[in-house]
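Here is a friendly walk through a protein model for someone meeting it for the first time. Have a look at the picture, and then we can go through it piece by piece.

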Amino acid sequence: MSASRNPEPLKCDHGLRRQAIVQSLIGDVFQGRLRTGAHLVTQELAQRFGVSHTPVREALIALAGIGLIDLLPNRGAVVRRVTAIEVREVCQVRRALECEATRSACGRAEPTRLSDLAGELRRMVAVEGLSAGAFITWARAVDSSLHDLIADSCGNAFLSKELGRLKLLFRAFRDMAWAHDEARNDYHRLAEEAHEHLAIVEALIAGDARSAARAMARHIRSGARYWSRAMPSGTNHKEHKGHEG
């Protein structure tokens, strides 16, 4: 197994340890430290993170559930090849789930939180001169807050749980795309995303469920193009020809 870094043992409760392992391994996959076909050995991971085998096994099951690894009989956990076409398929699923959650959250989401988000997004749209790193940190926090608010407010516990299960994958793709743009000094997507988020929030504030869902669909379709473009080298980008997110 590659990516054999040795961070400090994870000092948090069991659930958070599992989540931290999942997040770390997702980062290793998308940043190229774990290659397609790499074997993930429970004992090595337990030593790396300073934990017992139990949270490691649970993390591997979670990663298999979101499609980043395969759990194979007699071979253990193997990193899957994530292609551009799979990114688009993930975005199709995300659009179905998040548009329904947005429609259902209309009238349920806390008005004060929506107003606060609208204020943040208007400041983001108008800001000038902020460093790229600071803007990305700000954008990441606002993006997470908005999507979490919608999931928490949709009134459907199963839908909210499913969005919670998949959000680590969604955010890994998001962060990969932003890192790709940051490396190229191309920040158009961050500005576009602020406008897209603001359209969603303003529709929710207005109580217009249909417009809010449409704004979410536009946001996810736009994001799919950037996520696919940011796939690590070695991905066959020709695979997504004719595939629309």
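Which residue takes a positive phi in the hairpin of E2 and E3? That would be Asn-74, with a phi near 65°, in a hairpin that has three residues between the strands. Keep in mind that this is a predicted model.

Now for the overall layout. The protein chain has nine helices and three strands. Reading from the N terminus, the elements go α-β-α-α-β-β-α-α-α-α-α-α. The chain has 245 residues, and 45% of them count as buried. Its accessible surface is about 12200 Å², and carbon and sulfur atoms account for 51% of that. If you take the contacts between residues at least 6 apart in sequence, 75% of them join residues at least 24 apart.

Back to the strands. The three of them make an open sheet, with the order E1-E3-E2 and antiparallel pairing. Strand E1 (39-40) and strand E2 (69-72) are the edge strands, each pairing on one side only. E2 is joined to strand E3 (residues 76-79) by four bridges, while two bridges join E1 to E3. Val-78 is a handy residue to look for in E3: Asp-70 stands opposite Val-78, and Val-78 is also the bridge partner of His-39. Another pairing to look for is Ile-69, whose bridge partner in E3 is Val-79.

Next come some helices. In helix H2 (residues 42-49), the buried residues are Leu-45, Ala-46, Arg-48 and Phe-49. Those residues sit on the same side of H2, because they cover an arc of only 160° around the axis.

Helix H4 (residues 84-105) has 22 residues. From its first C-alpha to its last, H4 reaches 30 Å, close to the 32 Å expected at 1.5 Å a residue.

| Helix | Glycine after the helix | Positive phi |
|---|---|---|
| H2 | Gly-50 | near 65° |
| H3 | Gly-67 | about 85° |
| H4 | Gly-107 | about 90° |

What about the inside of the protein? The largest nonpolar core has 73 residues, and the ones with the most contacts inside it are Ile-26, Leu-60, Leu-63 and Phe-173. Helix H7 (residues 157-183) supplies the largest share of this core, with eleven residues. As for Phe-173, leaving aside residues up to four places away in sequence, it touches Phe-30, Val-82, Val-87, Val-90, Trp-227 and Met-231.

Ala-84 belongs to helix H4. Is Ala-84 buried or exposed? Ala-84 has a relative accessible area of 0%, and under 20% counts as buried, so this residue is buried. Along the sequence, Ala-84 and Arg-229 are 145 residues apart, yet their C-alpha atoms are 7.9 Å apart in space.

The other alanine, Ala-199, is in helix H8 (residues 188-206). With a relative accessible area of 31%, Ala-199 is partly exposed, because that value falls between the 20% and 50% cut-offs. Ala-199 and Arg-218 are 19 residues apart along the chain, and 9.9 Å separates their C-alpha atoms.

Technical notes
Residues numbered from 1 in each chain as written. Predicted model: local features only at pLDDT ≥ 70, side-chain atom pairs only at ≥ 80, totals over all residues. Heavy atoms only, no water. Buried < 20%, exposed > 50% of the residue type's maximum accessible area, 1.4 Å probe, protein only. Contact = heavy atoms within 4.5 Å. Areas by Shrake-Rupley, 256 points an atom, 1.4 Å probe, with all protein chains shown as cover. Arc of directions from axis to C-beta. Core = buried A, V, L, I, M, F, W, Y, C linked by side-chain atoms within 4.5 Å. Expected span 1.5 Å × (residues − 1). Pairing = 2+ DSSP bridges.
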